[in-house]
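Open the model in your viewer and keep the selection tool ready. The stops below go from one selection to the next.

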Amino acid sequence: MKTLIDTCGWIEWLTNGKLANVFEPYLMKTSDILIPTLIQYELYKWICREKNSELALEIIGITETGEVIPLDTNLALFAADLAKEHNIAMADAIIYATARKNSAVLVTCDKHFQLLPHVKFFEK
């Protein structure tokens, strides 16, 4: 089954956080991972801020081993509908819409997604 690991899951794994071992099995199945370009943006920004741009580019290279999903008009409009329906912010709506549009499970520890359908939530 296809999975979309939310940015918080990538950060947990990259920082060896409390939930790193929970996210690692999902991240190791690169052929099953969907990567919205928005998550690439969030990861790059965070790693540049916390570490450096060289490491950030290396991590983006890792994300490229999955299936990168760009934001297009159809996905943007679907995300807007989901944002309205579930009262979620733009970035969360785009990530959730990407998962739903591609029949993937969203794997996260972000409480904004906790009660949404088709989400595998891990308490932090």
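Which residue lies over the face of Phe 78? Select Phe 78 and Lys 101: Lys 101 lies over the ring face, at 5.4 Å from the ring centre. A charge sits over a ring if NZ of Lys or CZ of Arg is within 6 Å of the ring centre and within 35 degrees of the ring normal.

Before moving on, note that this is a predicted model: local features need pLDDT of at least 70, side-chain atom pairs count only at pLDDT 80 or more, and totals for chains, interfaces and linings use all residues. Residues are numbered from 1 along each chain as its sequence is written, and side-chain values use heavy atoms, with hydrogens and water left out.

**Aromatic pairs**

The structure holds 4 aromatic pairs. Rings of Phe, Tyr and Trp (its six-membered ring) pair if their centres lie within 6.5 Å; planes under 30 degrees apart count as stacked, over 60 as edge-to-face and the rest as tilted. Select Phe 23 and Phe 122, an edge-to-face pair at 5.8 Å centre to centre with 75 degrees between the planes. Phe 23 lies in helix 2 (residues 20-28) and Phe 122 in the segment after strand 5 (119-121), so the pair ties together parts that are 99 residues apart in sequence. Helices (H or I, at least four residues) and strands (E, at least two) are DSSP runs, numbered from the N terminus.

Phe 23, Tyr 26 and Phe 122 form one aromatic cluster.

Now colour by accessibility. Buried means under 20% relative accessible area, exposed over 50% and partly exposed in between (1.4 Å probe, protein chains only). Phe 122 counts as buried because its relative accessibility is 19%, whereas Tyr 26, at 22%, counts as partly exposed.

Select Thr 3 in strand 1. Its relative accessibility is 9%, so Thr 3 counts as buried. Contact means heavy atoms within 4.5 Å; leaving out residues up to four places away in sequence, Thr 3 touches Tyr 26, Asp 32, Ile 33, Leu 34, Ala 104, Val 105 and Val 107. Ile 33 is also the bridge partner of Thr 3 in strand 2.

Two strands pair if DSSP finds at least two bridges between them. Strand 1 (residues 3-5) and strand 2 pair in the parallel sense over 2 bridges. Strand 2 also runs parallel to strand 3 (residues 67-69), joined by 3 bridges, and Pro 36 stands opposite Ile 69 there. Along strand 2 (residues 33-36), Ile 33 and Ile 35 point one way and Leu 34 and Pro 36 the other, and all are buried.

**Core and helix 6**

A nonpolar core is a set of buried Ala, Val, Leu, Ile, Met, Phe, Trp, Tyr and Cys residues joined through side-chain atoms within 4.5 Å. Of the 41 residues in the largest one, Phe 23, Leu 43, Tyr 96 and Leu 106 touch the most other members. Helix 6 (residues 90-101) gives the largest share of this core, 6 residues.

Select Tyr 96 next. Beyond its neighbours within four places in sequence, its contacts include Leu 82, His 86, Leu 106 and Phe 113.
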